[in-house]
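Thanks for coming. I have one structure to go through today, and I will take it piece by piece. Please look at it on the screen while I talk.

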Amino acid sequence: MKIAVSAIGDSLDSRVSQIFGRCPNFLIVDSDTMKFEVVSNPGEGMVGGAGPEAAQLISSHGAQVVLTGAVGPNAKSALDAAGIKTVVGLRQDITVSDAVKQYMDGKLSS
């Protein structure tokens, strides 16, 4: 399964970003292999429309789930429309790797 995680950095040891639409990067992680792709978020500097733009971006990379701190209502609508499950409430002190593992272990839910 492909899991998109909003990230502050560009590695599995990066911290999860608390904001979805304006995070610096998304890590698209294959939960079976833990191989990942770093996708820069063009919405990071946008004034408006960052959330739906980010939703479209991760959808185009085949993500089925997004893990993040918070998602705005417009982004949530766009994610729902794309069929992407949203899990919010992740703390900033958790790494991308730990977030994916906790999700796969059923310790995180939407």
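I start with a strand pairing: strand 2 and strand 3 run antiparallel and are joined by five bridges. Keep in mind that this is a predicted model. Within that pairing, L27 has V38 of strand 3 as its bridge partner. The two strands make a hairpin with five residues between them. In the turn, M34 takes a positive phi of about 65°.

Next, the aromatic rings. How many aromatic pairs does a search of the whole structure find? The search returns one. The partners are F20 and F26, with 5.3 Å from centre to centre and 55° between the planes, and the pair is tilted.

Now the loop that runs between strand 1, residues 2-7, and strand 2, residues 25-30. S17 sits in this loop. The relative accessible area of S17 is 5%, and the cut-off for buried is under 20%, so S17 is buried. Leaving aside residues up to four places away in sequence, S17 touches S6, A7, I8, C23, P24, T68 and G69.

On to helix 1, which covers residues 50-60. Its buried residues are A50, G51, A54, A55, L57 and I58. As background, an α-helix has 3.6 residues a turn, so residues three or four places apart point the same way. On the other side of helix 1, Q56 and S60 are exposed.

What covers the buried residues of helix 1? The cover includes strand 1, strand 2, strand 3 at 36-40, strand 4 at 65-67 and helix 2 at 73-81. Just after helix 1, G62 has a positive phi of about 80°.

The largest pocket holds about 190 Å³ of space. It is lined by 16 residues, and those closest to its centre are G21, R22, A50, G51 and G72. Helix 1 and helix 2 are the elements that give two or more residues to this lining. Two of the residues closest to the pocket centre, A50 and G51, have already come up among the buried residues of helix 1.

That is the end of my part.

Key. Residues are numbered from 1 along each chain as its sequence is written. This is a predicted model: local features need pLDDT of at least 70, side-chain atom pairs count only at pLDDT 80 or more; totals for chains, interfaces and linings use all residues. Side-chain values use heavy atoms; hydrogens and water are left out. Helices (H or I, at least four residues) and strands (E, at least two) are DSSP runs, numbered from the N terminus. Buried means under 20% relative accessible area, exposed over 50%, partly exposed in between (1.4 Å probe, protein chains only). Contact means heavy atoms within 4.5 Å. Rings of Phe, Tyr and Trp (its six-membered ring) pair if their centres lie within 6.5 Å; planes under 30 degrees apart count as stacked, over 60 as edge-to-face and the rest as tilted. Two strands pair if DSSP finds at least two bridges between them. On a 1 Å grid over the protein atoms alone, a cavity is a set of points where a 1.4 Å probe fits but cannot get out, and a pocket is an open set with protein on both sides within 12 Å along at least five of seven lines; lining residues have an atom within 4 Å of a point. Grid points are joined across faces, edges and corners, and a volume is the space filled by probe spheres set on the points.
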